[in-house]
Amino acid sequence: MPEITTDHLDEKQVQLLAEMCILIDENDQKIGADTKKNCHLNSNINNGLLHRAFSVFIFNSEEKLLLQQRSDAKITFPGCFTNTCCSHPLHTDSELEEKDAIGVRRAAQRRLEAELGIPMEQVTPDEMTYLTRIHYKAQSDGVWGEHEIDYILFMQKEVDLSPDPNEIKSHCYVSKEELKDMLAKAKRKELEITPWFSLIAETFLFKWWDNLQNLKQFMDHKSIHRM
């Protein structure tokens, strides 16, 4: 296989490719670690390489959902609209801890600060509701893609934002109707939405959104939904 060159990619984003992600099997059991780069190469994904990830959904007091548009510097799905924050727990002691998904929730707190500039004390792990897990695979282009078991984290809070332009091109709060309009535009190819956000929006999101004050009924930590 030819060597994958990253010379043309954003320098800051390339540095992040050295981070160590958590390798898992299809039942979300830890089996090792590998770099973010190797986890996102389609050549490895096609051989079954799978890693742990999370998707955060933050709602404000008006029950509007905070969306971000990924920056053009991002290596996978640049310029796409998506949920509040999507990333990976790292292969470190604090983020490997599995009880009540605390390691994943700590990772979410870390990335909410890194991407959106939200002060860590505003997004503590105990304020995040871990709902369930989703397993999906998607190609970004011929070289890069995603293959993840994604922990879904919900939170309703007013937060202070100071987004990193290397991570985020734009952000906005949307109502259900505004998101439905965006999803329709994406189907008409008028804007792009990440595949995981699209899958979640087409299946569970609006049911969960209708019940923000009563999410306990949807907490399912045994199932992994194969999308």
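Modeller: On a 1 Å grid over the protein atoms alone, a cavity is a set of points where a 1.4 Å probe fits but cannot get out, and its lining residues have an atom within 4 Å of a point. The model is predicted: local features need pLDDT of at least 70, side-chain atom pairs count only at pLDDT 80 or more, and totals for chains, interfaces and linings use all residues. Residues are numbered from 1 along each chain as its sequence is written, and side-chain values use heavy atoms, without hydrogens and water.

Biologist: Which residues lie nearest the centre of the largest cavity?

Modeller: Rolling a probe the size of a water molecule over the atoms shows where empty space is left. Here 23 residues line the largest cavity, and K36, R70, K74, H88 and E146 lie nearest its centre.

Biologist: How is a pair of aromatic rings described?

Modeller: By the distance of the centres and the angle of the planes. Phe, Tyr and Trp rings (six-membered for Trp) pair if their centres lie within 6.5 Å; planes under 30 degrees apart are stacked, over 60 edge-to-face, and the rest tilted. The whole structure holds 10 aromatic pairs. One of them, F59 with F154, is tilted, at 5.1 Å centre to centre and 45 degrees between the planes.

The rings of F204 and W208 are stacked, since their centres are 5.1 Å apart and their planes stand at 10 degrees.

Biologist: Which residues do ring pairs link into a cluster?

Modeller: The cluster consists of F57, F59, F154, F197, F204, F206, W208 and W209.

Definitions and conventions
1 Å grid on protein atoms, 1.4 Å probe; cavity = no way out; pocket = protein on both sides within 12 Å on 5 of 7 lines; lining within 4 Å.
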